[in-house]
Amino acid sequence: MAATRTGSRACEIFTTLEYGPVPESHACALAWLDTQDRHLGHYVNGRWLKPEHRSSVPCQDPITGENLASCLQAQTEDVAGAVEAARTSLENWSTQPGAFRAQHLTRLAKMIQKHQRLLWTLESLVTGRAIREVRDRDVPLAQQLLQHHAVQAHTQEEALAGWEPLGVIGLILPPTFCFLEMMWRICPALAVGCTVVVLVPPASPTPLLVAQLAGELGQFPGILNVISGPASLGPVLASQPGVQKVAFCGAIEGGLRLLIQESVWDETMRRLQARMGRLRGGRGLDGAVDMGARGAAAHDLAQRYVHEAQSQGAQVFQAGSMPPDSPFFPPSLISDLPPASPCTQAEVPWPLVVASPFRTAKEALAVANWTPRGGSASVWSERLGQALELAYGLQMGTVWINAHGLRDPAVPTGGCKESGSSWHGGPDGLYEYLRPSGTPTCLPYLSENLNYDTFGLAVPSTLPAGPETGLSPAPPYGLFVGGRFQAPGARSSRPIRDSQGNLHGYVAEGGAKDIRGAVEAAHQAAPGWVGQLPGARAALLWALAAALQRRESTLVSRLERHGVELKVAKAEVELSVRRLRAWGARVQTQGCTLQVAGLKGPVLQLQEPLGVLAIVCPEEWPLLAFVSLLAPALAHGNTVVLVPSGACPIPALEVCQDMATLLPGGLVNVVTGDRDHLTRCLALHQDIQALWYFGSAQGSQFVEWASAGNLKPVWVNRGCPRAWDQDAEGAGPELGLRAARTKALWLPMGD
Amino acid sequence: MSAHQRGTELDLSWISKIQVNQPAVLRRAEQIQARRPVKKEWQAAWLLKAVTFIDLTTLSGDDTSSNIQRLCYKAKYPIREDLLKALNMHDKGITTAAVCVYPARVCDAVKALKAAGCDIPVASVATGFPAGQTHLKTRLEEIRLAVEDGASEIDVVINRTLVLTGQWEGSDFIKTSTGKETVNATFPVAIVMLRAIRDFFWKTGNKVGFKPAGGIRSAKDSLAWLSLIKEELGDEWLKPELFRIGASTLLTDIERQIYHHVTGRYAAYHDLPMS
């Protein structure tokens with residue numbers, strides 16, 4: 001009998017009442033690796049690919065260092081093959097009825113359910129994460145994601161009429177990630193009819209397993225293809241013809257920053273330390289641990305941070321029951337970090353928490369927003385009013401009140417600032433993989449010749465250009481900044497010619513300093529405009545519409561000077577008035593409340609302005625495009641810096657005269673000048689929250705490249721013209737989606 | 001039970017300041033049950049420990065001296081001797097923490113335990129159990145009589161009329177409920193009570209005991225309760241002076257689990273002595 005062997009052990013445990021190991025068998029994960037002879041390739045088009053003459057990297061148990069399998073590294077042609085498979089299956093998949101795709105996703109959810117033990121043991125084995133995290137959270141959520149998106153697919157024809165799938169999606173995953181991050185992105189993509197190629201870092205078997213499960217459903221094998229390879233293949237994937245979008249996922253959550261009000265500092269730290277003391281760490285496959293390990297690299301990163309913090313005089317509290325050796329690292333609470341120390345600026349690594357005190361809620365908000373990141377945050381307070389005030393003020397994609405880390409497929413999750421501007425889950429997650437029907441498929445245009453260093457750098461000199469023949473009265477001269485017309489910093493002007501080539505007039509030549517001034521003015525106006533009630537915003541837009549109507553005859557004659565027929569010019573003014581009214585009316589219908597399974601209480605889905613939005617208007621439709629872009633931006637609470645049409649900026653300047661009297665100063669700023677130069681200044685400005693560019697393909701390429709500096713969301717047309725006079729393209733929901741960001745505010749309730 | 005509380009000034013502001021984040025409590029309750037499984041020899045040892053926390057209870061209208069006697073015998077020999085021997089635990093004096101009966105049966109219990117030759121305390125519910133809606137005078141008299149009969153622990157039903165009108169009482173031990181309610185010992189409620197015990201300890205240094213009662217029937221439940229105490233209050237609360245489980249059928253299931261651990265087979269009911 002087993003008992004005699006364990007008798008003395010039982011005595012000991014009876015006295016100490018310690019916890020014992022609860023090992024989860026990972027035999028099935030090993031058996032699955034054995035089916036591939038411990039040699040993993042890529043999963044493309046429903047079958048395993050193991051091309052020859054490729055290097056391979058070992059997949060190791062992060063805790064024991066034991067070699068579990070070897071993983072092939074893809075090369076360019078493997079990526080091309082996977083994209084080809086995705087392109088081929090796209091035709092079939094995207095044309096299926098939504099209800100049919102819904103069924104397929106449901107089948108995949110069931111497939112995952114049937115093999116969940118394999119999935120969770122494999123994931124825990126290779127990542128070292130605690131099994132309870134994977135088993136109790138990730139795997140059920142993966143199934144919910146599939147089911148939620150199956151429902152979305154089912155109602156697609158009805159709910160998403162006017163939108164079509166983008167096409168082949170490339171997804172690039174970072175070295176440390178959990179397979180759930182992949183699910184958040186592939187589920188909406190597949191649901192709306194896109195097909196996916198996922199590039200996973202070497203030695204990540206779980207995505208391959210998910211792809212195999214999807215492939216074994218039989219039909220549509222090529223909709224999900226997974227290849228493993230180095231990060232250097234990312235650009236290769238992005239530049240494959242046919243790849244319409246590349247989604248990139250950052251590393252999974254790191255450590256945390258904790259702001260504690262001084263009045264409750266001692267009490268909170270005491271409770272925190274008591275709770276940390278009860279955390280158990282250990283091998284991820286142990287069913288009774290709270291924390292696993294994330295490999296030697298994560299351990300070293302944490303170790304370095306702690307040493308650095310200690311050397312700067314910080315207090316470090318470590319507790320919990322942890323195996324003493326690498327790669328395990330105890331949960332650590334760091335306090336008294338001097339505000340100016342490099343550690344305060346650096347990202348906190350897992351599993352560290354840096355606590356710092358604050359005096360007032362206002363100060364807490366300022367500190368919390370003083371970071372380039374904007375993913376998620378939680379507010380803990382018994383004062384609901386104050387908690388809500390903070391939650392609204394936090395520049396984050398997700399805010400939880402008195403809770404942390406809740407997720408649901410129906411709630412859009414995203415971020416702002418450098419945490420990225422894409423969305424997963426909810427309706428917003430679907431739009432990431434859709435485009436308005438009929439939009440031309442612009443193939444990625446990448447010019448090798450574009451010199452990023454010199455694009456738009458120099459401003460051509462402008463000289464007196466003959467007698468002015470403009471209409472009188474001429475609009476006021478200058479840049480419209482801060483609510484009034486100002487002389488440009490460069491003190492020079494550019495001639496505007498009419499359709500006959502005659503000089504129409506001069507407009508100010510704006511430059512870097514003027515852009516700086518305009519952005520500053522826009523920032524100053526922002527709090528006031530955000531604070532306006534939707535009704536007040538709508539009223540102002542309508543007042544502007546009325547002013548435009550009064551100015552109709554001037555505007556029409558200005559347009560006529562530029563070769564627009566009288567009838568067309570009248571229609572353009574009339575349509576511009578309609579656009580302002582329409583967006584004014586839409587202001588009122590923003591935000592909604594979601595109800596989430598398992599959560600008592602609502603999740604508020606708020607529409608928040610992006611901040612300062614810079615818009616480079618197209619050359620065509622000088623008035624209509626200007627108004628069509630301005631109206632949604634203002635309606636959603638943004639403040640704006642606009643560059644009007646280069647050839648015909650005068651109608652926009654006419655509108656500025658009305659804005660000067662109607663709108664608060666700084667709300668709208670219009671800078672004329674050399675478009676390339678102004679585009680350069682805007683794209684390289686770090687304190688602009690979004691940039692829309694309608695111009696040349698080269699300009700679009702530059703904007704995308706330069707805006708990567710602060711990861712601001714950009715919207716470029718890649719040189720493709722837009723039908724501004726059509727409602728779908730000139731006033732469609734796409735503009736609204738681009739002009740605002742969603743914030744999910746979780747309000748768990750209970751008494 | 002432990003020495004009586006030294007007592008402390010009643011400060012009602014402590015109570016009015018208490019705030020409960022119910023969704024968080026519910027999540028915590030779920031976590032503790034999911035994250036602290038105990039298996040193999042740890043499970044056996046923990047279950048034997050759980051036995052020592054049990055207030056083996058019979059609170060039926062038809063209790064007589066014969067079933068009280070059987071209960072007391074079971075309290076003294078909660079696990080079959082050969083099973084304990086196999087675990088080398090037969091000489092640890094494992095008994096339940098107490099037997100718990102109605103006041104009128106205290107005499108029977110004291111006599112039976114004396115006959116069995118053991119010093120397991122007799123606990124009596126009192127004061128108009130389970131509603132507590134009798135006069136203070138009769139309730140006090142009930143306690144006095146039970147103590148006279150030999151009860152060394154009294155489970156008092158507090159006057160809930162006073163509680164609901166904000167007039168609180170203090171105690172050495174707090175119990176989740178009488179065990180006779182429709183909902184009795186639940187994890188979320190227990191977490192709130194345990195946090196209150198912890199706060200009181202932090203403020204005054206006094207340790208108040210805790211007794212969940214009602215609905216704890218399976219060995220698995222009892223393990224979860226032990227983890228809960230360990231997680232929320234720490235090992236120092238895991239002793240009969242500060243932690244009891246009020247239960248009647250729990251012991252049978254624990255014995256069955258021990259049987260399985262020792263023999264590798266599941267026991268039929270008749271394999272184990274009746275309680």
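Trainee: In this predicted model, how much area is buried between chain A and chain B?

Mentor: The contact draws on 41 residues from chain A and 42 residues from chain B. Carbon and sulfur atoms give 58% of the buried area. The area buried between the two chains is about 3700 Å².

Trainee: Which residues of chain A lose the most area to chain B?

Mentor: Three residues stand out on that side, and together they make up 22% of what chain A buries. They are Phe14(A), Leu17(A) and Tyr19(A).

Trainee: How many salt bridges are there between chain A and chain B, and which residue of chain A pairs with Asp199(B)?

Mentor: The count between the two chains is three salt bridges. In the one formed by Asp199(B), the closest N and O atoms are 2.9 Å apart, inside the 4 Å limit for such a pair. The partner of Asp199(B) is Arg271(A).

Trainee: Which helix gives the most to the side of chain A that touches chain B?

Mentor: Eleven residue pairs are in polar contact across the interface, counting pairs with both residues at pLDDT 80 or more. On the side of chain A, α1 (2–16), α6 (131–154) and α11 each supply at least two residues. With ten residues, the helix that gives the most is α1(A).

Trainee: How many residues on the side of chain A that touches chain B are nonpolar?

Mentor: By class, that side has 14 charged residues and eight polar ones. The nonpolar residues number 19.

Trainee: Which strands stand at the edges of the open sheet of four strands in chain A?

Mentor: The order in this sheet is β11-β14-β13-β12, with mixed pairing. Each edge strand has a single partner, so one side of it is left without a neighbour in the sheet. The twist averages 25° from one strand to the next. The edge strands are β11 (256–261) and β12 (315–318) of chain A.

Trainee: Which residue stands opposite Gln315(A)?

Mentor: Strand β12(A) pairs with β13 (residues 332–335) of chain A in the antiparallel sense, over four bridges. The residue to look for is therefore in β13(A), and the one opposite Gln315(A) is Ser335(A).

Trainee: At what angle does helix α12 of chain A run to β14(A)?

Mentor: Helix α11 (residues 265–276) of chain A lies across β11, β12, β13 and β14 (352–358), running at about 160° to β13(A). Helix α12 (residues 295–311) of chain A also lies across β11, β12, β13 and β14. Its angle to β14(A) is about 35°.

Trainee: Which strands stand at the edges of the open sheet of five strands in chain B?

Mentor: The strand order there is β4-β3-β2-β1-β7, and the pairing is parallel. The twist averages 30° from one strand to the next. Having a single partner strand each, the edge strands have one side left without a neighbour in the sheet. They are β4 (153–156) and β7 (245–247) of chain B.

Trainee: Which helix of chain B packs on that sheet and touches β1 and β2?

Mentor: Strand β2 (residues 98–101) of chain B is joined to β3(B) by three bridges and runs parallel to it. Within this pair, Cys100(B) stands opposite Ala123(B). The helix touching β1 (54–57) and β2 has a direction that makes about 160° with that of β2(B). That helix is α4 (residues 65–76) of chain B.

Trainee: Which residues does the cis peptide bond with omega of about -5° join?

Mentor: In chain B, a cis peptide bond joins Phe129(B) and Pro130(B), with omega of about 0°. In chain A, Pro351(A) lies in the loop between α13 (342–345) and β14. The bond with omega of about -5° joins Trp350(A) and Pro351(A).

Trainee: Where in chain A is His53(A)?

Mentor: His53(A) has phi near 60°, a positive value in a residue other than glycine. Its place is in the loop between β3 (47–49) and β4 (56–60) of chain A.

Trainee: How many residues apart are Glu164(A) and Arg435(A)?

Mentor: A search over all chains finds 52 salt bridges. In the one between Glu164(A) and Arg435(A), the closest N and O atoms are 3.2 Å apart. Glu164(A) is in strand β6 (residues 163–165) and Arg435(A) in strand β17 (residues 434–436) of chain A, so the pair links distant parts of the chain. The two are 271 residues apart.

Notes: Residues are numbered from 1 along each chain as its sequence is written. Chains are lettered from A and ligands numbered from 1 in the order in which they are written. This is a predicted model: local features need pLDDT of at least 70, side-chain atom pairs count only at pLDDT 80 or more; totals for chains, interfaces and linings use all residues. Side-chain values use heavy atoms; hydrogens and water are left out. Two strands pair if DSSP finds at least two bridges between them. Axes are lines fitted to C-alpha atoms, for helices over the stretch in contact, and angles run from 0 to 180 degrees between N-to-C directions. Contact means heavy atoms within 4.5 Å. Buried area is the accessible area (1.4 Å probe) that two parts lose on being put together, summed over both. A salt bridge is a side-chain nitrogen of Lys or Arg within 4 Å of a carboxyl oxygen of Asp or Glu. A polar contact is a pair of N or O atoms within 3.5 Å; within protein, one must be able to donate a hydrogen and the other to accept it, and residues adjacent in sequence count only if both atoms are side-chain atoms. Ala, Val, Leu, Ile, Met, Phe, Trp, Tyr, Cys and Pro count as nonpolar, Asp, Glu, Lys and Arg as charged, and the others, Gly among them, as polar.
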